[in-house]
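Student: Before we look at any details, could you show me how to read a model of this kind, one feature at a time?

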Amino acid sequence: MTPSTSSNATNTGDGLGRFPYHQIWCCDFEFHHVDGDLPVPVCMVAKELRSGRVIRLWQDELRQSGFPPFDTGPEALFVAYYTSAEIGCFLALGWRVPERVLDLFTEFRAETNGLWVPYGNGLLGALNYFGLSAMGTEEKTEMRDLVLSGGPWDANDREAILDYCQGDVEALQRLIPSIACKILPKDDRSLLRLGQALLRGRYMVAVAHMEHCGVPVDLPLLDRLRESWGHIRNELIMAVDADYGVYESGTFKMARFEAWLVDKGIPWPRLPSGTLATDEDTFRQMARAYPAVAPLHELRHSLGKLKLNSLHVGADGRNRCLLSPFRSKTGRNQPSNAKFIFGPSRWLRGLIKPAPGYGIAYLDFGSQEIAIAAALSGDEDMIDAYTSGDPYMTFAKQVGLAPPEATKESHKDVRNRCKAIVLGVGYGMGAESMAYRAGLQVAEARELLRQHHETYRVFWKWAENNVNVALAGGVLRTVYGWPIHSGSRSSLNDRSLLNFPMQANGAEMLRMAACMATEAGLRICAPIHDALLLEAPLERLDEDVFHLKSLMVKASEMVMGTLACRVDADLVRYPDRYRDEGGGEMWDRVMKILPARTVRVVE
Amino acid sequence: MSDDTNEKNTPAPNPFNPDSLRITGDVNAVGAEKLLVRLPVRKPTKQEFFRVHVDTEYRLPCVILEIKMEREFYLVTPEALPVLAEDVRRVELRLCQNRQGALFMWPVPMPGPDGRTNSWHESAQKASNLAEKSWIRMIAVMAEGDYAIYRATGNIPDPQWPEKTFQELLQIAFKDGKLIDSEDHPVVQQLNGA
């Protein structure tokens, strides 16, 4: 079948000609997929803006072609909205991915990050934001449903879907001038911005690779868990609640919980109304501060059957979901807690298991926020603390809480207190939160925080200046240009602004590492906050871990300049499974319950 | 070449060479500095460790009037001194800073014109001298009639002093009518029963 193409040369008249590329291709795919499975491309429409040439390909034509129907080299600019989806289709088709990607989603997020976006971050939202004409939401939903139905489609459907797809391509063309006005090359600054935008586009390609790969999950075991969940739930409550006595007929009782807290002498945060705060954040923080709370926290977190069923696992046993890059203000990924294996209860991560003949490795940046704070502020004392290998113990020594010869073992308690403060600063926490998190008195946390201020003056001057810059109407940027805006339409507080450089540059670091790793052909299953999950055949696992480590160190140097971040690795070889430190106890409980029920079924 | 055609001379940025895309130095065009708009005049509390500026330019022997009901200090110039002679005290104003970085001006009591002093004043002067080099805390001990002085041990960093001159600091501390330079000052009138 001959691909449908048409040409209608357009003079865009909006300065797009200044883009230093011979071709500018706006592209959109329509696809459907079952949750957790790879996308199935239905059609693709691409339009070259200089010539006006349009390419419309239906699914059979896409499958016949082993390569993209347009230039994807460095001389051509590939433009899309939420490009990881388009590149996901490229990968599903086995096509070579574009080298120069301008993602209008990431650039819309950059343009509005920190500001109120009344119509959301989708393509329609972006068009509406700039006052551009857009397809009605109802019409879009109707067409999307038609695509997601998976077919079969008759000739009319096919034309309608292709027209709908082309409509999105035309929308991209309308959107470019509004979003690209700051990156159209006219001076060094805008050229820099264009380069930074392309760097974000490069990451969207890496995201597509990671989403394509997915996380290996023990699917038979997940199926058993799902089938047995009702029974497991009841058994779990009985087993865990034996130490607490806070459940009654399967229901969590506040009065009983309060009595347990009094009995154990645990101070618990309360709501303004006076009732105990029992939200997930509070439970998580208190479980860290008071280990006795941890099993109860894990139980409460695990009891949502819905979450177990929402986990997106494909027929091939891979957990795949949208990684939602650039969704958080810091630019970090924000995948759905329910769909992502690293989102739900930590015990559930025990389901992660390499396939026969494979191993996985979890590599994370050690104390990333501290390293970034030290490097970017240039605080020599903080740099010394980080390079010592134990920034918490070094802080304790710097403020005189521990003698020079103190070690992690000899002064464990002091180190833990200092750790809470040092980490808390990296997360932008106040003294109260730090106190709750570490089980300190608030006054003690305040004193430690004051000592932190006093010890790391250069850092605090830099950090407070960042906040002032933002509140004065400036824009805070990471070293590679991810911005956050404050102003009348912003809901940012000074704490999140203070925290922004550490978190957002940390996100840059991970993005850079993910780009280099996926481009080097390493199989990266997923990014997890400041970590990457690697998969490799057993015989190559150590080599790939070493390779990824070196790339992550390089990425840290690219962000921090002179300082390199430490990278730690945990390896799991088949037939072992991943075991999360915080969820191991619950996993063991569940596994003890599971076989008992299976035996009864067999009987 | 029209505006809408590719300008060949424009170099295309390479996202695979991010070194050229890294922002170095201060990228922010705006900034902020903390302004000193208030400088309390008070003595150190019993709960704070403090330091005293060692520079002789940051001390001023002078006369002050303390309105105890309002906990307010007024700086009295020689011109106004004759009408307030019975209510004023001779002090030395010293610039201080506590461990929270808060600045204050401490009126350290001085011997009277006749050279007479007391144990409270003597111990306060001693504390102020010690605080030039150490972090000091002073607590009134009523039974002994003087201040107990504590010196902090350990490696505590020195305070960071403001760059303002003492004259500028005085203007901040005694702004809003806190300078009594004539008998027409409202506080003088009030004391005279006007």
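Tutor: We begin with pLDDT, the predictor's confidence in each residue, from 0 to 100. Chain B averages a pLDDT of 85, and 90% of the residues score at least 70. This is a predicted model, in which local features need pLDDT of at least 70 and side-chain atom pairs count only at pLDDT 80 or more, while totals for chains, interfaces and linings use all residues. Residues are numbered from 1 along each chain as its sequence is written, and chains are lettered from A and ligands numbered from 1 in the order in which they are written.

Student: Where in chain B does pLDDT stay under 50?

Tutor: Where pLDDT is low, the predicted coordinates should not be read in detail. In chain B this concerns residues 1–8, where pLDDT stays under 50. For the complex, the predictor gives an ipTM of 0.71 and a pTM of 0.81.

Student: How are two packed helices described?

Tutor: They are described by the angle between their axes and the distance between the axes. Here helices are DSSP runs (H or I, at least four residues), numbered from the N terminus, and axes are lines fitted to C-alpha atoms over the stretch in contact, with angles from 0 to 180 degrees between N-to-C directions. In chain A, the axes of α7 (residues 188–213) and α20 (residues 494–519) come within 9 Å and cross at roughly 65°. Contact, meaning C-beta atoms, placed from the backbone, within 7 Å, involves residues including Tyr203(A) and Ala206(A) of α7(A), and Ala514(A) and Cys515(A) of α20(A).

Student: Which residues is Val79(A) in contact with, leaving aside its neighbours within four places in sequence?

Tutor: Among them are Ile24(A), Trp25(A), Leu104(A) and Ile176(A).

Note on methods. Contact = placed C-beta atoms within 7 Å. Helix = DSSP H or I, 4+ residues; strand = E, 2+ residues; numbered from the N terminus.
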